[in-house]
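Dear colleague,

Please find below the structure that I am handing over to you, followed by an account of what was found in it.

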Amino acid sequence: MQIIDSHCHLDATEFDGDREGALRRAREAGVVAQVLPAVDADSWPVLRNLCQTHADLHPAYGLHPLFLDRHRVEHLDDLRNWLLKERAVAVGECGLDFWVEGLDRAAQMRFFVAQLELARDFDLPVILHARKALDEVTAALRRIGGLRGVVHSFSGSREQAEALWKLGFHVGIGGPVTYPRANRLRGIVAEMPIEWLLLETDSPDQPLHGHQGRRNEPARLVDVLATVAALRGESSADVADATTANANRLFGLRCP
């Protein structure tokens with residue numbers, strides 16, 4: 001089976017000791033491509049160089065709300081110029097985070113909306129972070145219009161998921177679905193239209209059930225796949241085929 005990790009931070013420092021090993025293990029597990037979203041402006045050149053070195057790594061560039069203290073208004077112009085000259089499969093990771101206290105919501109929204117407008121202008125999908133802010137994120141997508149993309153690590157309700165599908169947005173499902181107590185998420189994954197489903201690890205974060213406290217890595221996407229297939233009562237091969245097709249279509253990839 002061949003699968004795509006639609007959200008992985010392989011450029012993170014947690015992989016500095018064995019990045020090539022993590023890549024090898026992922027490939028051996030059947031992960032044929034990884035989408036790597038950036039988190040701040042300083043990470044863009046590092047991410048570009050990594051993806052230029054490995055044909056199965058695909059970059060997205062953006063400004064993550066959790067790193068608001070690193071962002072400057074001029075970084076938005078820098079992002080536009082960067083997208084003009086560099087290959088990107090998406091804008092992101094961007095979005096809103098209302099869970100962490102002390103993050104200026106108005107500033108988050110300014111950076112978020114500006115990046116949505118860039119995604120629209122460049123006709124690129126957008127990779128969204130939406131923690132405790134799904135309704136606000138969805139409202140912004142409606143206001144701007146003309147967008148497509150994915151809300152990664154989806155953790156909302158069935159109604160919130162349906163609102164995203166109606167706007168042409170996918171939901172990214174990773175490690176949290178492997179936890180037996182994640183009843184609401186598991187119920188959504190079991191019944192949702194598969195054309196809106198993407199698999200992810202969010203490595204090095206969000207370790208799977210049984211791996212708590214350990215660094216996550218893209219090779220463990222096969223365990224996410226197995227859980228999703230079991231919840232849906234479908235074969236892993238069928239879910240792999242469908243989610244790989246979804247990722248190829250959304251990000252303009254040409255993976256087997």
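**Salt bridges**

The side chains of Arg-48 and Glu-86 form a salt bridge, with N and O 3.1 Å apart; the term stands for a side-chain nitrogen of Lys or Arg within 4 Å of a carboxyl oxygen of Asp or Glu. Because Arg-48 belongs to helix α2 and Glu-86 to the loop between α3 (74–85) and β4 (90–97), this pair ties together parts that lie 38 residues apart in sequence. Helices (H or I, at least four residues) and strands (E, at least two) are DSSP runs, numbered from the N terminus. Arg-48 is partly exposed, at 21% relative accessibility, whereas Glu-86 is buried, at 16%. Here buried means under 20% relative accessible area, exposed over 50%, and partly exposed in between (1.4 Å probe, protein chains only).

Please note that the model is predicted: local features need pLDDT of at least 70 and side-chain atom pairs count only at pLDDT 80 or more, while totals for chains, interfaces and linings use all residues. Residues are numbered from 1 along each chain as its sequence is written, and side-chain values use heavy atoms, with hydrogens and water left out.

By the rule given above, the count of salt bridges comes to 15. One of them joins Arg-27 and Asp-56, whose closest N and O atoms are 2.7 Å apart. This pair also links distant parts of the chain, 29 residues apart: Arg-27 is in helix α1 (residues 19–29), and Asp-56 is in the loop between α2 (43–53) and β3 (57–61). Arg-27 counts as partly exposed, with 38% relative accessibility, and Asp-56 as buried, with 13%.

**Nonpolar cores**

In soluble globular proteins, nonpolar side chains tend to be buried together. A nonpolar core is taken as a set of buried Ala, Val, Leu, Ile, Met, Phe, Trp, Tyr and Cys residues joined through side-chain atoms within 4.5 Å. The largest such core in this model has 72 residues, and those with the most contacts inside it are Tyr-61, Leu-116, Leu-128, Phe-154, Ile-173 and Val-228. Helix α4 gives the most to this core, with seven residues. A second, separate core has 14 residues, among them Ala-33, Ala-60, Val-89 and Leu-250.

Which residues does Phe-154 contact, leaving aside its neighbours within four places in sequence? They are Leu-134, Gln-160, Ala-161, Leu-164, Val-171, Gly-172, Ile-173, Leu-185 and Ile-188, where contact means heavy atoms within 4.5 Å.

**Pocket and cavity**

Both terms rest on a 1 Å grid over the protein atoms alone: a cavity is a set of points where a 1.4 Å probe fits but cannot get out, a pocket is an open set with protein on both sides within 12 Å along at least five of seven lines, and lining residues have an atom within 4 Å of a point. Grid points are joined across faces, edges and corners, and a volume is the space filled by probe spheres set on the points.

The largest pocket holds about 1,000 Å³ of space. Its lining comprises 37 residues, of which His-129, His-152, Asp-202, Asp-205 and Gln-206 lie nearest the centre. Elements α2, β5 (126–131) and α7 (183–191) each give two or more residues to this lining, and β5 has the largest share, with three. By class, the lining of the pocket divides into 15 nonpolar, 12 polar and 10 charged residues. Nonpolar covers Ala, Val, Leu, Ile, Met, Phe, Trp, Tyr, Cys and Pro, charged covers Asp, Glu, Lys and Arg, and the others, Gly among them, are polar.

The search of the whole structure finds one cavity of 30 Å³ or more. Helix α4 (residues 105–122) gives the most to the lining of the largest cavity, with four residues.

**Backbone**

The peptide bond from Gly-92 to Glu-93 is cis, with omega near 20°, and Glu-93 lies in strand β4. Ser-203 and Pro-204 are also joined by a cis peptide bond, with omega about 10°. Ser-153, although not a glycine, has a positive phi of about 50°; Ser-153 is buried, at 17% relative accessible area.

With kind regards
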